[in-house]
Amino acid sequence: MCIFCKIVNKEIPSKVILEDENFLAFHDINPTRKVHALVIPKAHYNSFEDTPSTIMGNMSDFIREVTKELNVNESGYRMITNIGKDGGQEVSHLHFHIIGGESVGRLVRDKNDL
Ligand code: 5GP
Ligand code: ZN
């Protein structure tokens with residue numbers, strides 16, 4: 001079972017921000033910005049490439065609830081999902097990073113954003 005599935009099952013503790021039947025949002029263990037949350041579906045999909053569009057649609061609504069909860073919905077934020085080897089994905093369970101709470105800066109070629 002993958003590490004995020006273990007977080008869903010509460011086998012590994014996490015700082016939960018919001019949870020419903022299908023999705024979970026929790027704070028990244030190694031934050032890169034003042035706000036750094038991860039949003040995942042409770043069902044395991046390896047990445048965005050494998051995720052059905054119905055799940056993605058419902059996840060969009062959930063993510064907007066999370067950004068309200070984090071109080072970044074008006075100040076703004078960056079949302080990132082890394083995909084596969086070249087995308088720098090380390091955990092193979094679909095997740096969106098929500099970073100903000102301060103200016104996250106511009107995407108710069110040849111610099112890692114996360
Ligand atoms: P990726 O590189 O796959 O897009 O990002 C994986 C993210 O998961 C990283 O930002 C990393 O800090 C976070 N992470 C890895 N293991 C854990 C964990 O056990 N708990 C939490 N809260 N975050 C984790
Ligand atoms: Zn998983």
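A backbone N or O atom of histidine 27 lies 3.0 Å from a nitrogen atom of ligand 1, within the 3.5 Å limit set for a polar contact between N or O atoms. The protein covers 85% of the 520 Å² of accessible area that ligand 1 has on its own, with areas from the Shrake-Rupley method and a 1.4 Å probe. This is a predicted model, in which local features need pLDDT of at least 70, side-chain atom pairs count only at pLDDT 80 or more, and totals for chains, interfaces and linings use all residues. Residues are numbered from 1 along each chain as its sequence is written, chains are lettered from A and ligands numbered from 1 in the order in which they are written, and side-chain values use heavy atoms, without hydrogens and water.

**Ligand contacts**

- A polar backbone atom of isoleucine 29 is 3.3 Å from a nitrogen atom of ligand 1.
- A polar backbone atom of valine 91 is 2.9 Å from an oxygen atom of ligand 1.

**Shell around ligand 1**

- Ligand 1 is surrounded by 16 residues, the closest being Asp28, Asn82, Glu90, His95 and His97; a residue counts if one of its heavy atoms lies within 4 Å.
- The shell divides into seven nonpolar, seven polar and two charged residues, with Gly counted as polar and Asp, Glu, Lys and Arg as charged.
- Helix 1 gives the most to this shell, with three residues; helices are DSSP runs (H or I) of at least four residues, and strands (E) of at least two.

**Largest pocket**

- Ligand 1 takes the space of the largest pocket, the test being that more than half of its atoms lie within 2 Å of the grid points.
- A pocket is an open set of points on a 1 Å grid where a 1.4 Å probe fits, with protein on both sides within 12 Å along at least five of seven lines; lining residues have an atom within 4 Å of a point.
- About 840 Å³ of space lies in this pocket, the volume being that filled by probe spheres set on the points.
- The lining holds 30 residues, divided into twelve nonpolar, 13 polar and five charged.

How values were computed:
Polar contact = N/O pair within 3.5 Å; in protein donor to acceptor, adjacent residues only side chain to side chain.
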